[in-house]
Amino acid sequence: MVGMASEEHLRKLIEGTSDGDECPCDYQTLWNGSDFRERDDVFMQFEDRRGKLRAAYYGAVKGRSHHFGPEVGFGWTVGDALHNETIIMIKSAFGGRSLAVDFRPPSAGEGNYSNVLPSHYGWEYRQMVTDFNDALQNLSSIYPDYDKEAGYELAGFVWFQGWNDMLNEDTTHEYSSNLAHFIRDVRLEFKSPLMPFVVGELGMHGLHPEGKSAPRVFYFRGAQRNTTLLPEFRNNTLFVPTASYMKFNVTTYNGGYHYNGRADTYYRIGQAMGRGMLQLSKTTKTTAVTEQHSLHEWWKLRQNRVACDLPAVTE
């Protein structure tokens, strides 16, 4: 998700003039007294913007106003918890894209949708991988003190997407399969078979969807959740609910765009996904997994695009 949280609304939250029962104290950590605070321990890249994490900068740009996505709440939550670590976040986002077509992972095979050229399947997936690889090869441009000798750890991946898939019945029904392929393929691309993977719920309809679209919304959310519960994703993939952060009958921003453009909603979603990643990282590192030989054999099969499950976890 590119991110359409409103800078105007964030300023109101900090000042205590926003509706929605939010305490200013929860947002004043983002402010240094005269401008949005920059973190010295969390760095970020999105498109041509890179450097220290700050609010209202790494999202969509409309005119002279900057916006942001869940990365702010995520970065603040993880940064505060891992205060002895330097964190670099790489964001790749393109609005109005589907997993069934644009982000279609290689192992899912070519789709069967009308008016879609074969070359279009997975084109944003390939661009995403290119973006990540380019950033990883040039980390010093994001974090000037990066030590190439020390290297880096791929600590996790966050996936927050789904609106365009949910609009269509066929892509909705295919979503779980595509998401499972996506998780496997991303781990394969970056040679990290157990990389923690957080899936954020598509929560724009809130906790109680209504109308004709409600059954599809519930089905779609179930597809997201159930994918993370597959045996091969046990203890290394997590579904994070977000619907409770959606607010209704309040002021909307950016024309009521995704999540009503509200900074509190985006920030809370980011915090939730940050907590999820911290929980998942701890679980991944403390769970006794398979013997190294067994894991190595599984990985060789996956690299050859052979479908197989991760060997059973041994407690």
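Mentor: Residues are numbered from 1 along each chain as its sequence is written, and side-chain values use heavy atoms, with hydrogens and water left out. Because this is a predicted model, local features need pLDDT of at least 70 and side-chain atom pairs count only at pLDDT 80 or more, while totals for chains, interfaces and linings use all residues.

Trainee: Why is the link between C23 and C25 called a disulfide?

Mentor: A disulfide is a pair of cysteine sulfur atoms within 2.5 Å, and the S to S distance between C23 and C25 is 2.4 Å, so the pair meets the cut-off. A search of the whole structure finds 1 disulfide.

Trainee: What makes the disulfide of C23 and C25 right-handed?

Mentor: The torsion about its S-S bond is about 130°, so the disulfide is right-handed.

Trainee: How do you know whether C23 is buried, partly exposed or exposed?

Mentor: Buried means under 20% relative accessible area, exposed means over 50%, and partly exposed lies in between, with a 1.4 Å probe and protein chains only. C23 has a relative accessible area of 34%, so it counts as partly exposed.

Trainee: Why is the pair of K247 and E22 called a salt bridge?

Mentor: The term requires a side-chain nitrogen of Lys or Arg within 4 Å of a carboxyl oxygen of Asp or Glu; the N to O distance for K247 and E22 is 2.8 Å, so the pair qualifies. K247 lies in the loop between β9 (237-240) and α7 (257-260), and E22 in the loop between α1 (7-15) and β2 (42-46), 225 residues apart. Helices (H or I, at least four residues) and strands (E, at least two) are DSSP runs, numbered from the N terminus. K247 has a relative accessible area of 16%, so it is buried, and E22, at 17%, is buried as well.

Trainee: What makes E201 and R221 a salt bridge, and which parts of the chain does the pair tie together?

Mentor: The closest N and O atoms of E201 and R221 are 3.6 Å apart, so the pair falls within the cut-off for a salt bridge. E201 lies in the loop between β8 (197-200) and α6 and R221 in helix α6, so the pair ties together parts that are 20 residues apart in sequence. E201 is buried at 7% relative accessibility, and R221 is buried with a relative accessible area of 7%. Salt bridges that share partners join D19, E22, D26, K247, R262, D264 and R268 into one network, and the count of salt bridges comes to 19.

Trainee: Why are β2 and β3 said to pair?

Mentor: Two strands pair if DSSP finds at least two bridges between them; β2 and strand β3 (residues 49-52) have 4 bridges in the antiparallel sense, so they pair. F46 stands opposite R49 in β3, and in the hairpin, which has 2 residues between the strands, E47 takes a positive phi near 55°.
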